[in-house]
Amino acid sequence: MATLEIKDLHVSVVSEDAPKEILKGVDLTIKAGETHAIMGPNGSGKSTLSYAIAGHPKYTITSGTVTLDGEDVLEMSVDERARAGLFLAMQYPVEVPGVSMSNFLRTAATAVRGEAPALRHWVKEVKGAMADLDIDPAFAERSVNEGFSGGEKKRHEILQLGLLQPKVAILDETDSGLDVDALRVVSEGVNRYKASGEVGVMLITHYTRILKYIQPDFVHVFANGRIVESGGRELADVLESEGYVKYTGKTEAAALS
Amino acid sequence: MAALSTQPHSHGAVVPVASRAEHFTSYDVDAFEVPGGREEIWRFTPLKRLAGLHSGAAATGTAAVEVNAAAGVTVETVGRDDDRLGGAGVPGDRVAAQAYSSFEQATIVTLPGDAKTEPTTVTVTGAGTGTVAYGHIQIKASQFAEGTVILDFRGSGAYADNVEFLVADGAHLTVITIHDWADDAVHVSQHHVKLGRDATIKHTVVTLGGDVVRVTPVVQYAGRGGDAELFGLYFADAGQHQEHRPFIDHGQPNCRSNVVYKGALQGEGAHAVWIGDVLIRVAAEGTETFELNRNLILTDGARADSVPNLEIETGEIEGAGHASATGRFDDEQLFYLQARGIPETQARRLVVRGFFQELIAKIAVPEVRERLEAAIEAELEAVGV
């Protein structure tokens, strides 16, 4: 039973001169089988939380702990975290020119699984996973994310999620910029991953619309660098009708008008 | 030869290079002054490390030239007096003129007309540590010939040469030059490409080894419809100086050129220089040209200079452009790959290999491609990148 435990996490980013504190004491525990939606307005620090857990060098942890099944995640390098079972589906996946998607996927799978997948099964596995996400097989020979549309990038993030089978997945605004069909396809991919085993999901989103496809067990409102309110599915419905004004003093909708 | 020979300029041997059109050329070494290092065309080159190639050093040895010729390809070893030599271009700097004035024997490789031939390999091995040698090679693709020539430079010593590529009307020549010298070697080379009507050349320069390697490929067009693709791939380690100075001289209408050079640098004192000159003369209407240089700096202490120059004397062209970028390792790419479990060392290699992939994929000879991939691996291994 995988458990990701975040305790009193404070994170700063080095801006032009002085470090700026973005996360101001985050407490959150995600257990296997649970889906937690983190909802909040722009600039509340949601993405920082995801990048800090994944180990992006831009962010400095000033205090607090993050553990996965009791292991200190913050002591691990970025790749060790991934091999330990953490996965971050990024809001803005990075282009890597000259590295084919197929080479990248196989290298990643080899690293995470600890051994190279048998070629015959692997080809079949990738083909199937791509078909499930309505990805044209030709993408396998294209450079990683290079020239992909926003929707294509997101599909490929979920493709990696399915192939790498992490213990805990953090999905950072995976729904942003997706049209209705793409949102459905991507959500189905996340649901397949959820159904595949005892896994935990942290679903970071600004809008409630993805929650129509992916059922959260818990909803947390994120504002000003911390979780300010937690509840069940019904909290999303409140946000849907009332927006974030209660938490920020500003009118910012959580539903698409 | 007569068609391209020029008289020294009336205002003396040292010509301030304002326009590439004014660039001084001569077969005679004495027509050039000994460079002091401040001249525009020498200012990046470490003259002290040239073993006197620029200042009149006499030959003390001979580089061995070995040709593994494909069926149908003719190989000749000729003396200085062979009047076919020099037909593709005139030396454009003192070292090239010194080489032209000093070589004793030249090798002429001729690809038969109207025929497709398998790859031919010319291996040039330096005369040895502490020696100075001069050489001359001419590759001739006869009318409608189609073939590949690999020039493989290895060994030790200081070596200067001119390499001519005479591509006759309608011929298609692919050339891959590999500078795989030993650590002490110094090589200053001018390549002269002359393209006939509707002739094409794919000219790839690979520079890996040597202390100083300076290559100046010059392309001239003798008729309409010529197409030159110049690719370069280099990897400079600590202390290495690698300089590439492609010059495309568009003097005929409706010709095309495309230049792509990419290099990686690592280690203290690694220095890459790329000077890309393109000149579109008044007569060259309908020209289409693009040149690009990219440098990937892998560690501190390495330096890349990149200077694209585009001179256009006619407005009636299809298109002309250039781009140059020198950057450090992209940490975001590294983060992305590592976030998928790929260890840092392996992630770095993926990125560097990816950087070169576009050019390696264009090399049509599998053995050469594999050799390059292995060489890049070895370079990365050497510094633990």
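At what angle do the axes of α5(A) and helix α6 (residues 180-195) of chain A cross, and within what distance do they come?

**Entry 1: conventions.** I note that this is a predicted model, in which local features need pLDDT of at least 70 and side-chain atom pairs count only at pLDDT 80 or more, while totals for chains, interfaces and linings use all residues. Residues are numbered from 1 along each chain as its sequence is written, and chains are lettered from A and ligands numbered from 1 in the order in which they are written.

**Entry 2: the helix pair of chain A.** I looked up the opening question: the axes come within 9 Å and cross at roughly 10 degrees. Axes are lines fitted to C-alpha atoms, for helices over the stretch in contact, with angles from 0 to 180 degrees between N-to-C directions. Helices (H or I, at least four residues) and strands (E, at least two) are DSSP runs, numbered from the N terminus. α5(A) and α6(A) are therefore roughly parallel to each other; that term covers angles under 35 degrees. I then listed contacts, for which C-beta atoms placed from the backbone must lie within 7 Å. On α5(A) they include A:G151, A:K154 and A:I158, and on α6(A) they include A:A182, A:V186 and A:Y193. By class, I find seven nonpolar, three polar and three charged residues in this contact. Here Ala, Val, Leu, Ile, Met, Phe, Trp, Tyr, Cys and Pro count as nonpolar, Asp, Glu, Lys and Arg as charged, and the others, Gly among them, as polar.

**Entry 3: a sheet in chain A.** I traced an open antiparallel sheet of four strands in the order β2-β1-β4-β5 (chain A). β2 (19-31) and β5 (71-72) of chain A are at its edges with a single partner strand each, so one side of each has no neighbour in the sheet. Pairing requires at least two bridges found by DSSP. Strand β1 (residues 3-14) of chain A is joined to β2(A) by ten bridges in the antiparallel sense. For A:E5, I recorded A:T29 in β2(A) as the bridge partner.

**Entry 4: chain A against chain B.** I find 21 residues of chain A in contact with 21 residues of chain B. On the chain A side, α2 (78-84), β7 (96-100), α3 (101-113) and α5 (150-164) each give two or more residues. That side divides into 14 nonpolar, five polar and two charged residues.

**Entry 5: domains of chain B.** Chain B is divided into domain 1 (2-328) and domain 2 (330-385), with bounds from an automatic or database domain assignment. Their centres, taken over C-alpha atoms, are 27 Å apart. The contact takes 20 residues from domain 1 of chain B and 16 residues from domain 2 of chain B. By class, the domain 1 side has twelve nonpolar, six polar and two charged residues.

**Entry 6: a sheet in chain B.** Which order do the nine strands of the open sheet follow? I read β1-β4-β6-β8-β10-β12-β15-β17-β19 (chain B), with mixed pairing. The edge strands, β1 (64-68) and β19 (319-328) of chain B, each pair on one side only. Within the sheet, β8(B) and β10(B) run parallel and are joined by eight bridges. The bridge partner of B:H179 is B:T207 in β10(B). Helix α3 (residues 344-360) of chain B lies across β12, β15 and β17 (288-297) of chain B, at about 160 degrees to β15(B).

Conventions
Two residues are in contact if their C-beta atoms, placed from the backbone, lie within 7 Å. Angles under 35 degrees count as roughly parallel, over 145 as roughly antiparallel, 65 to 115 as roughly perpendicular and the rest as oblique.
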